Amino acid sequence: MFPRKFDYVAPSSLDETVDALKGAGFAKVMSGGMSLLPLMKLRLVSPELVVDIGRIPGLDQISEEGDMLTIGALVRHYQTAGSEKVPAALAAAAAYTGDVQVRNRGTTVGAVVHGDLAADQPAAVLALGGVIVVQGPNGVREIPATDFFVDTLTTAIEPDEVATAIKVPKGGSSAYDKLGRRGGHTDYAVAGAAAWVKKDNGNITECRVALTGVAGRPTLAEGTAEAMVGTDGSAGAIAEAASKAADGVSVLEDLYGSEEYKAHLATVYAKRALTLALNE
Ligand SMILES: Cc1cc2nc3c(=O)[nH]c(=O)nc-3n(C[C@H](O)[C@H](O)[C@H](O)COP(=O)(O)OP(=O)(O)OC[C@H]3O[C@@H](n4cnc5c(N)ncnc54)[C@H](O)[C@@H]3O)c2cc1C
């Protein structure tokens with residue numbers, strides 16, 4: 001199917017992008033187009049204007065500043081997956097995103113802004129304590145990942161804003177694992193988890209675990225994280241903490257599993273991600 005008619009602009013700077021979005025009616029930013037174009041072709045989304053940021057120079061870099069890593073808006077999944085600077089949870093989530101074509105075109109920032117409930121990288125960014133940098137008519141603001149994911153396909157970016165980067169703190173160790181819809185790591189997650197831990201003197205001092213595919217948005221497994229802190233990170237401590245992964249989470253049934261099965265997978269993948277993170 002063809003998309004409905006739309007106007008198209010390809011600005012050459014972020015300022016021009018913000019100008020294009022201002023008062024444009026129903027406009028959509030396009031980065032990789034890997035989610036936007038299928039939705040337009042299915043006529044599930046019909047913007048009047050597509051603002052293609054793909055030609056803006058300087059947005060395809062992964063850079064380090066102090067204790068933060070910045071991933072620009074045009075960094076493709078394959079770049080995130082292959083960078084030694086990127087924390088293991090996010091690199092793995094990018095490596096497990098879609099297929100080769102999708103990883104060559106789609107962007108990490110686009111996947112996070114899109115906010116699919118079963119996507120891989122949003123959970124990793126949430127577990128790592130990342131922030132999403134956006135630019136709009138009122139300037140630049142940084143939105144913590146904990147406030148960014150509002151609901152299925154709904155994130156805290158405003159329609160007249162463009163996401164310019166994601167920042168993730170360096171330090172600690174992390175991992176991501178998932179059950180893909182076609183088994184293994186292939187396709188969107190039936191369920192998955194990203195874990196981040198910091199250890200001092202043999203004990204866990206900080207921990208975050210984020211689930212994907214389990215609730216209507218990427219969600220922190222707070223019970224698991226709290227139970228991990230203060231432990232030595234042993235297999236027993238991980239199993240005990242992971243058993244709390246679905247506590248307080250609004251688990252959703254979908255085509256890929258019942259509520260009970262999803263809650264079970266939350267514990268399985270929280271355990272796997274924590275085990276991997278502690279052996280990173
Ligand atoms: C066959 C196939 C398999 C896939 N499998 C997986 C998978 O296993 N796991 C997974 O997580 N994802 C999967 N995806 C989705 C893929 O990762 C997309 O690349 C990603 O969701 C969106 O990134 P994008 O850069 O292509 O964004 P686009 O498609 O360009 O945009 C997606 C949405 O985000 C908005 N947006 C994008 N960038 C910005 C920005 N900088 N500022 C403001 N708004 C922006 C757009 O307006 C649009 O609403 C798959 C996609 C396909 C086609």
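Helices (H or I, at least four residues) and strands (E, at least two) are taken as DSSP runs and numbered from the N terminus. The structure is a predicted model, in which local features need pLDDT of at least 70 and side-chain atom pairs count only at pLDDT 80 or more, whereas totals for chains, interfaces and linings use all residues. Residues are numbered from 1 along each chain as its sequence is written.

**View 1. The shell around the ligand.** The ligand is surrounded by 29 residues, of which Gly32, Met34, Gly98, Gly106 and Gly110 are the closest; a residue is near a molecule if its C-beta atom, placed from the backbone, lies within 6 Å of it. At least two residues of this shell come from each of β2 (27–30), α2 (36–41), α6 (108–114) and β10, and α6 supplies the largest share, 5 residues. By class the shell holds 16 nonpolar, 10 polar and 3 charged residues, where Ala, Val, Leu, Ile, Met, Phe, Trp, Tyr, Cys and Pro count as nonpolar, Asp, Glu, Lys and Arg as charged, and the others, Gly among them, as polar. Domain 1 (7–52) and domain 2 (62–169) each contribute at least three residues to the shell, the bounds coming from an automatic or database domain assignment.

View 2. An open sheet is formed by 5 strands in the order β4-β5-β10-β6-β7, with antiparallel pairing; two strands pair if DSSP finds at least two bridges between them. Its edge strands, each pairing on one side only, are β4 (62–65) and β7 (139–144). Strands β6 (residues 131–136) and β10 (residues 162–169) pair in the antiparallel sense over 5 bridges, and Val134 stands opposite Ala163 in β10. Helix α1 (residues 14–21) packs on the sheet, where it touches β6 and β10, and its direction makes about 125° with that of β10; angles run from 0 to 180 degrees between N-to-C directions, and axes are lines fitted to C-alpha atoms, for helices over the stretch in contact.

**View 3. Helix α4 against helix α7.** Helices α4 (residues 88–95) and α7 (residues 121–128) pack at an angle of about 175°, with their axes 8 Å apart. This angle makes α4 roughly antiparallel to α7, a term used for angles over 145 degrees. The contact involves Ala89, Leu90, Ala93 and Ala94 of α4 together with Gln121, Ala123, Ala124, Val125, Ala127 and Leu128 of α7, residues being in contact if their C-beta atoms, placed from the backbone, lie within 7 Å.

How values were computed:
Parallel < 35°, antiparallel > 145°, perpendicular 65-115°, else oblique. Contact = placed C-beta atoms within 7 Å.
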